[in-house]
Amino acid sequence: MADLIYTPLYAALFALLLFALSVRTLLLRRRFKVGVGPGQEPLLERAMRVHANFCEYVPVTLLLVFFLELLTGPGWWIHSLCAALLLGRLLHAWGVSQVKEDYRYRIVGMAVTFAVILVSAAGILVSYSPWI
């Protein structure tokens with residue numbers, strides 16, 4: 001059990017969230033009878049953007065965290081980064097999903113996501129630094 005890495009656990013959680021976002025978008029397409037694009041439906045357009053934004057940020061961010069875990073080993077920081085990413089994505093999804101959006105959710109969600117990206121990238125670069 002000591003060799004267990006944690007990022008795949010979170011990847012599975014993110015896969016379930018992606019599934020939920022996908023089903024939500026598909027159900028809205030069916031409800032509004034829109035095959036391609038958002039039609040004239042603000043709720044569908046928001047669901048599409050939540051889904052797309054998730055697909056844009058989560059894969060590369062998880063990959064960075066995974067690489068950091070391979071370089072530094074599992075630990076509380078890996079859990080913290082993954083949990084922060086999950087929180088950030090949930091906040092963003094909630095905020096953007098609302099037709100009358102409270103932008104604070106979107107802003108905090110993206111800020112947390114960006115922080116995970118930057119911390120992970122910095123950790124990887126430091127791992128390769130000749131001064132360490």
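## The nonpolar core

Among the 20 residues of the largest nonpolar core, F14, F54, L62, V65 and C82 touch the most other members. A nonpolar core is here a set of buried Ala, Val, Leu, Ile, Met, Phe, Trp, Tyr and Cys residues joined through side-chain atoms within 4.5 Å. Buried denotes under 20% relative accessible area, exposed over 50%, and partly exposed the range in between, with a 1.4 Å probe and protein chains only. At least two residues of this core come from each of α1, α2, α3 (76-97) and α4, and α2 gives the most, with 7 residues. In soluble globular proteins, nonpolar side chains tend to be buried together.

## Basis of the description

The model is predicted: local features require pLDDT of at least 70, side-chain atom pairs count only at pLDDT 80 or more, and totals for chains, interfaces and linings use all residues. Residue numbers start from 1 along each chain as its sequence is written, and side-chain values use heavy atoms, with hydrogens and water left out.

Helices (H or I, at least four residues) and strands (E, at least two) are DSSP runs, numbered from the N terminus.

## Helix packing

Helix α1 (residues 7-32) and helix α2 (residues 42-72) have axes that come within 10 Å and cross at roughly 165 degrees. α1 is therefore roughly antiparallel to α2, and their crossing is left-handed. The residues of this contact comprise 18 nonpolar, 4 polar and 4 charged. In this classification, Ala, Val, Leu, Ile, Met, Phe, Trp, Tyr, Cys and Pro count as nonpolar, Asp, Glu, Lys and Arg as charged, and the others, Gly among them, as polar. Axes are lines fitted to C-alpha atoms, for helices over the stretch in contact, and angles between N-to-C directions run from 0 to 180 degrees. Angles under 35 degrees count as roughly parallel, over 145 as roughly antiparallel, 65 to 115 as roughly perpendicular, and the rest as oblique.

The axes of α2 and α4 come within 9 Å and cross at roughly 25 degrees, so these two helices are roughly parallel to each other. Their crossing is left-handed. The axes of α3 and α4 lie 7 Å apart, at an angle of about 155 degrees, which means that α3 is roughly antiparallel to α4. α3 also passes α4 in a left-handed crossing. A crossing is left-handed if the near helix is turned anticlockwise from the far one by less than a right angle, and right-handed if clockwise.

## Aromatic pairs

The whole structure contains 4 aromatic pairs. Rings of Phe, Tyr and Trp (its six-membered ring) pair if their centres lie within 6.5 Å; planes under 30 degrees apart count as stacked, over 60 as edge-to-face and the rest as tilted. The ring centres of F14 and F54 are 6.1 Å apart and the planes stand at 45 degrees, so this pair is tilted. Because F14 lies in helix α1 and F54 in helix α2, the pair ties together parts that are 40 residues apart in sequence. Both F14 and F54 are buried.

For Y57 and F114, the ring centres are 5.7 Å apart and the planes are at 65 degrees, so the pair is edge-to-face. Y57 belongs to helix α2 and F114 to helix α4 (residues 103-127), and the pair therefore ties together parts 57 residues apart in sequence. Y57 is partly exposed at 21% relative accessibility, and F114 is partly exposed at 39%.

## The loop residue K33

K33 is located in the loop between α1 and α2. Its phi is near 55 degrees, a positive value in a residue other than glycine. K33 is exposed, with a relative accessible area of 74%.
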